[in-house]
Amino acid sequence: MPYARYRTHFEQNKNRPRPVVRTTHGVPAEAQAALLQTLQTFQLGETGEGRIAHQVRQKPLRAMDDDYLASIPLFVAEEGKHARILGDMVRACGAETLKHAWTESLFRRGRQLIGVRLKLSVLLAAEVIATVFYPLVASALDDGDFQRALSHITDDEQAHLAFHATFFHRHFGPTGRRLFCAFFFLLAWVACLTVLFDHRRTIRVLGIGFGRTARAIHQRVTETLRAVRTGDARPLWPALSNDPGEAFEQAFDLDRAVRAQGHVADFAQGTRLLAVQMQMRAGHREHRFGAR
Ligand SMILES: [Fe+2]
Ligand SMILES: [Fe+2]
C-alpha cells in the first residue's frame, strides 16, 4: 500500500516531457565555467544505476512488495533521464560530458559495496544532496532553460528521497532504524563535505554560500532521519500531502491537457485554468525555495 502512491507517480511521471535545454540564458557569464564542472560531475553521478533494479528483482529484501519492485526500474529510468538532461546542459555550454571524476568514482564504489541495503543508503544520501543542491543552484540563476531543467530534476528527486526513506522505515524495526539513522547521519555528512569541497567554485561564484548549503543539507538530513523513524515522508515530497507540491502535479496535468487540446474552447474556463495554474506554480516555488 505505501509504495502504490510511488508506483502511480513513477508511472505517470514517465510521460512528463523532458525539458528543452538549448541556451545558457539565465546563467551569469562569470559562473559558466564553474557551473559546467558541477554539471559534468553530477551528470556522471546520475549515470548507471541499472544494476540495482536487477539485484532487487533477483533477491527482494524485507518490505519490497510488488509495487516497490515495479517502481525501482522506473526510478532508475528517471535517473537516466536526469543524466540526459544534464548532458544537454553540458552541451549547451559547448562542452562534452566526462568519462571519469573522483567524486563519481567514490559514489560508484559506494554503490558497489556489498549488499543492496548499503547501495540504497548511498542512493538516499545522493537524493539528500540532489534535493538541496539542484534547487540552490537553480535559485541562483535567472529564468531560462537551465533553471527550468534543474527545477524539473528537483521535482523528481523529492519523490526519490521520500521513496527510499519509506523503504528504510518499512525495512527496519525500531532498533534497526536507530542504528541505520546513526550510520546514515555520518554518511550524509561525508556526502555533504564532498559536495562543499568539490563544488566550492560554483558555490562561491553563484553566491550560494557554504554556510547556507551546509545548513540546508543538515535540515534535509534531519527531515530524512525523521521520515525513516516515523514513516511520514510528506515533508520530503510535498506531493504526498495536499499542499502546493500536489498542486504543482495537478498544474502539470492541466498544462498537458491544455497543450494536448491545442486550444481552450471556453475562454472563461481557459483564463480560470491559467490563473489556478500560475497560483499553484508560485505556491510550489515558495514552498521549495522560500524556507531556505
Ligand atoms: Fe537524479
Ligand atoms: Fe534521484
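What follows is a friendly conversation about a predicted model and the reasoning behind its labels.

Colleague: What should I know about the ground rules?

Modeller: This is a predicted model, in which local features need pLDDT of at least 70, side-chain atom pairs count only at pLDDT 80 or more, and totals for chains, interfaces and linings use all residues. Residues are numbered from 1 along each chain as its sequence is written, while chains are lettered from A and ligands numbered from 1 in the order in which they are written.

Colleague: How many helices and strands does the protein chain have, and what makes a run count as one?

Modeller: The protein chain has 12 helices and 0 strands.

Colleague: How do you know that the length of α4 agrees with its number of residues?

Modeller: The expected span is 1.5 Å times one less than the number of residues. Helix α4 covers residues 66-92, so its 27 residues should span 39 Å, and the 40 Å between its end C-alpha atoms agrees. For α2, with 14 residues, the reach from first C-alpha to last is 20 Å, close to the 20 Å expected. After α4 comes glycine 94, with a positive phi near 80°.

Colleague: Why is phenylalanine 42 called buried?

Modeller: A residue is buried if 20 or more other C-beta atoms lie within 10 Å of its own, exposed if 12 or fewer, and partly exposed in between, with C-beta atoms placed from the backbone. Phenylalanine 42 has 28 C-beta neighbours inside 10 Å, so it counts as buried. This residue sits in helix α2, whose buried residues also include Leu35, Thr38 and Leu39. Its C-alpha is 9.2 Å from that of histidine 82, 40 residues apart along the chain, and His82 is one of the buried residues of α4.

Colleague: And threonine 23, is it buried or exposed, and why?

Modeller: Threonine 23 has 11 C-beta neighbours inside 10 Å, so it counts as exposed. Threonine 23 lies in the loop between α1 and α2. Leaving aside neighbours within four places in sequence, threonine 23 is in contact with Ala92, Gly144 and Asp145; contact asks for C-beta atoms, placed from the backbone, within 7 Å.

Colleague: What covers the buried residues of α4?

Modeller: The cover includes α1 (2-13), α2 (32-45), α3 (50-58) and α7 (145-171). The axes of α1 and α4 come within 9 Å and cross at roughly 35°; axes are lines fitted to C-alpha atoms, for helices over the stretch in contact, with angles from 0 to 180 degrees between N-to-C directions. Among the residues making this contact are Tyr3 and Phe10 of α1, and Tyr68 and Phe75 of α4.

Colleague: Where is confidence lowest, and where is it highest?

Modeller: pLDDT is the predictor's confidence in each residue, from 0 to 100. The mean for the protein chain is 85, and 78% of its residues reach 70 or more. Confidence is lowest in helix α12 (residues 267-289), at a mean of 49, and highest in helix α9 (residues 200-205), at 98. Over residues 261-272 pLDDT stays under 50, and the model has 4 contacts there beyond four places in sequence. Where pLDDT is low, the predicted coordinates should not be read in detail.

How values were computed: Helices (H or I, at least four residues) and strands (E, at least two) are DSSP runs, numbered from the N terminus. Two residues are in contact if their C-beta atoms, placed from the backbone, lie within 7 Å.
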